Amino acid sequence: AVGVSSANIAAVSGYPSVVLPMQVVADLPLAVAFIGRPRDESLLLEIAAVVERVRGPFPEPHFLSTTVE
């Protein structure tokens, strides 16, 4: 549905959320979102930090061409 995302769901419900890029597919980042319980921000950040360490370094962003030839 248009306009529905993990960020919207978390914001409307009042739950904390964090989104981590996990890999690049066809030059675009693919991410995973974690939504926690209210007032559980520290646990959510700990989980995100562990996932980020396991994932390893993420490629530097770059601009894609906006013209079609």
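This is a predicted model: local features need pLDDT of at least 70, side-chain atom pairs count only at pLDDT 80 or more; totals for chains, interfaces and linings use all residues.
Trainee: How many residues apart do Glu52 and Arg55 lie in helix α2?

Mentor: Residues are numbered from 1 along each chain as its sequence is written, and side-chain values use heavy atoms, leaving out hydrogens and water. Helices are DSSP runs of H or I, at least four residues, numbered from the N terminus. Glu52 and Arg55 are both in α2, about one turn of the helix from each other, a separation of 3 residues.

Trainee: What distance separates the closest N and O atoms of Glu52 and Arg55?

Mentor: A salt bridge needs a side-chain nitrogen of Lys or Arg within 4 Å of a carboxyl oxygen of Asp or Glu. Glu52 and Arg55 form one, with their closest N and O atoms apart by 4.0 Å.

Trainee: Is Arg37 buried or exposed?

Mentor: Buried means under 20% relative accessible area, exposed over 50%, and partly exposed in between (1.4 Å probe, protein chains only). Arg37 has a relative accessible area of 58%, so Arg37 is exposed.

Trainee: Which side chain meets that of Arg37 in a salt bridge?

Mentor: Side chains of opposite charge can pair when their charged atoms come close. Here the N to O distance is 2.8 Å, and the partner of Arg37 is Asp40.

Conventions:
Helices (H or I, at least four residues) and strands (E, at least two) are DSSP runs, numbered from the N terminus.
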